[in-house]
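Please look over the structure below, with attention to its aromatic pairs and to the packing of its helices. The briefing that follows takes these topics in turn.

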Amino acid sequence: MLVTLETTLATKTARPDWLRAPAPVGPKYRDLRSLVTGLDLHTVCESAACPNIGECWNRGTATFMILGNVCTRRCGFCAVQKGAPLDVDYDEPRRVAQAVSQMGLRYAVITSVNRDDRKDGGAELFALTIEAIRQRVPGCKVEVLVPDFQGRREAMEIVMTARPDVLNHNTETVPRLYRQVRLGARYERSLEMLAYAKALSPATPVKSGLMLGLGETMDEVRGVMRDLHAHSVDILTLGQYLRPSPKHLPIVRYVAPSEFAGLRDEGMAMGFAHVEAGPLVRSSYHAAESLSTSQQPESRTSPV
């Protein structure tokens, strides 16, 4: 059944008791926040209001967001600030690498806002950041979560030439809901960019993810999973959409942990190397473990 925007906006659901995340408190959390602030860096953990910030920061991990904290697109699900983009800060890669070093990371995750104002979509800064981390922290693996670069293949070539350890680009939702959820994006374009990344570097794991609870059907989710596998995606993440504020798209329903577990099993049966599925799963959640288990014969069961 078609879920229209009007139907979506009218839907109200109660948050279930099992959907709880650790509070953002504790000495490690405070130390990391001080480090990020002191180096004038942004994290998607803060800018996108990630529910896992308490858990991840107290584990000493974070996802750095380069190219400023103002996005050129107005996606209906995202808490990141929208508006005129900031000037590109070419010292930012050095500061990200410094933070990675001071945190003692062996696996760093880098993402960005959409920068449709730039011909390369920000690909140059991704490459420079990968290179800076490799120089400052030899042996540290780097996962990049990139935008679609408006389908520009030369931008993906810039990123893949820098040899990230994982290339991630999120599909986010099912094709029918793109006009509501991912304004300015195209489903087919995202699939094409994922496949092109794999073609450029067949040995590099390619990753993508979906949010559930925006009005999609389970059959639609399975259809996207099949499309992603057919376009050479190795690692899949599935999580619950959580509304950042009353101005954002509301939650149509909460997907039960048992449903996520079932989708994980189906994804593994489809041939994905690893599926991370659960209500609080996000694209960079347990990213290092996802890469590690995707390279083993059997993957572990993902946490709720």
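Tyrosine 178 and tyrosine 187 are both buried, where buried means under 20% relative accessible area with a 1.4 Å probe and protein chains only. The model is a predicted one, in which local features need pLDDT of at least 70 and side-chain atom pairs count only at pLDDT 80 or more, while totals for chains, interfaces and linings use all residues. Residues are numbered from 1 along each chain as its sequence is written, and side-chain values use heavy atoms, with hydrogens and water left out.

**Aromatic pairs**
- The structure holds two aromatic pairs, a pair being rings of Phe, Tyr or Trp (its six-membered ring) with centres within 6.5 Å, and edge-to-face meaning planes over 60 degrees apart.
- Phenylalanine 126 and phenylalanine 149 form an edge-to-face pair, at 6.4 Å centre to centre and with 85° between the planes.
- Because phenylalanine 126 lies in helix α6 and phenylalanine 149 in the loop between β6 (141-145) and α7, this pair ties together parts 23 residues apart in sequence.
- The rings of tyrosine 178 and tyrosine 187 have centres 5.8 Å apart and planes at 85°, so this pair is edge-to-face.

**Helix packing**
- The axes of α6 (residues 123-136) and α7 (residues 153-161) come within 8 Å and cross at roughly 5°, with axes fitted to C-alpha atoms over the stretch in contact and angles running from 0 to 180 degrees between N-to-C directions; helices are DSSP runs of H or I, at least four residues, numbered from the N terminus.
- The two helices α6 and α7 are therefore roughly parallel, a term for angles under 35 degrees.

Conventions:
Parallel < 35°, antiparallel > 145°, perpendicular 65-115°, else oblique. Phe/Tyr/Trp six-rings, centres within 6.5 Å; stacked < 30°, edge-to-face > 60°. Buried < 20%, exposed > 50% of the residue type's maximum accessible area, 1.4 Å probe, protein only.
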